[in-house]
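Keep the 3D view open and turn it as you read.

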Amino acid sequence: MQDITCCPGETFEMSTELADIFGSIGREQGYDDIVAEFTPYKEFKSSWRRSGRSVRFQISDYMIGADRGVLEDFATSLYRRLDRGPCRSIYTPRLVTWLMSREFLAQNQALYLKRSRNLTLDHRGKVHDLQDAYLSLRDQGLVRDCPDAVFNWTRRRNRMRVGYCSVLMKVIAVSSILDQPSVPPFVSEYVLYHELLHIQDGLRPDRRHHGPEFRDREHIHPRWKESEEWLRRLAAQRA
Ligand SMILES: [Zn+2]
């Protein structure tokens with residue numbers, strides 16, 4: 001996979017384009033002092049500071065490979081948010097297509113993993129293997145093929161947050177608290193299943209990640225009840 005830090009020439013060129021796009025759209029909105037630059041945030045996020053007719057944007061550097069049209073959509077959406085406050089979605093269809101593309105993943109997944117300090121970068125734990133768990137879920141027909149997803153154990157043994165994922169980067173983390181001989185393999189398999197459902201759902205601009213429909217699908221897993229009980233017990237234990 002390509003590492004964007006290896007291409008300073010390209011970065012510079014794209015940054016010029018970024019400043020150009022944010023500058024021209026911003027001037028149409030009445031701003032006259034505009035700075036927009038790529039920033040190496042770990043997560044895909046952007047921030048801004050506004051003062052009168054000046055505005056400074058810091059844009060996730062995962063957007064570096066986006067084409068001009070996508071950057072224009074992104075800039076327009078951010079200016080809209082700047083004026084009207086939080087809105088339900090800043091994603092246009094063109095932006096979603098880019099963010100969900102294999103090209104986006106090829107450019108950014110390895111970089112995201114490099115920035116993820118809490119991950120072991122290995123699907124094999126000391127006891128359980130998340131790749132085996134994925135294959136089992138797939139063979140049971142519980143999840144679709146997900147060839148780009150990367151499974152990792154966390155370095156920290158978190159009891160409360162036992163799994164999380166980046167839908168954009170197709171990266172799943174499962175807490176290493178579940179990787180011990182006393183915890184049966186179906187528990188980490190169930191957590192992986194939950195995160196795979198999120199990845200299959202893709203971007204949800206409405207942010208309804210755990211609605212009733214999601215819970216119904218979660219409960220298709222044959223051992224969901226036992227797994228939930230295990231997770232409750234582990235959360236209640238003292239470290
Ligand atoms: Zn969830």
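Domain bounds here come from an automatic or database domain assignment. On that basis the chain splits into domain 1 (4–113) and domain 2 (116–236), and the C-alpha centres of domain 1 and domain 2 are 31 Å apart. Domain 1 brings 16 residues to the contact and domain 2 brings 18 residues, where contact means heavy atoms within 4.5 Å.

Before going further, a word on the ground rules. This is a predicted model, in which local features need pLDDT of at least 70 and side-chain atom pairs count only at pLDDT 80 or more, while totals for chains, interfaces and linings use all residues. Residues are numbered from 1 along each chain as its sequence is written, and side-chain values use heavy atoms, with hydrogens and water left out.

Now zoom out to the whole chain. Its C-alpha atoms fill a box of roughly 60 × 40 × 35 Å, taken along the principal axes. The chain holds eight helices and six strands (DSSP runs numbered from the N terminus: helices are H or I with at least four residues, strands are E with at least two). Along the sequence they come in the order α-β-β-β-α-α-α-α-β-β-β-α-α-α.

On the domain 1 side, Met-100, Tyr-112 and Leu-113 supply 38% of the area buried against domain 2, more than any other three residues.

What salt bridge can you find here? The side chains of Arg-102 and Asp-148 form one, at 2.7 Å from N to O, and the count between domain 1 and domain 2 is one salt bridge (a side-chain nitrogen of Lys or Arg within 4 Å of a carboxyl oxygen of Asp or Glu). Helices α3 (93–99) and α4 (102–115) each supply at least two residues of the side of domain 1 that touches domain 2, and α4 gives the most, with seven residues.

Finally, find the zinc ion. His-194, His-198 and His-210 coordinate the zinc ion, each through NE2, at 2.0 Å. Donors are N, O and S atoms within 2.8 Å of the metal (3.2 Å for Na, K and Ca); water is not among the atoms, so sites may look incomplete. The donors follow the spacing H-x3-H-x11-H along the chain. His-194 and His-198 both sit in helix α6 (residues 185–201), four residues apart, about one turn of the helix.

Methods. Buried area is the accessible area (1.4 Å probe) that two parts lose on being put together, summed over both.
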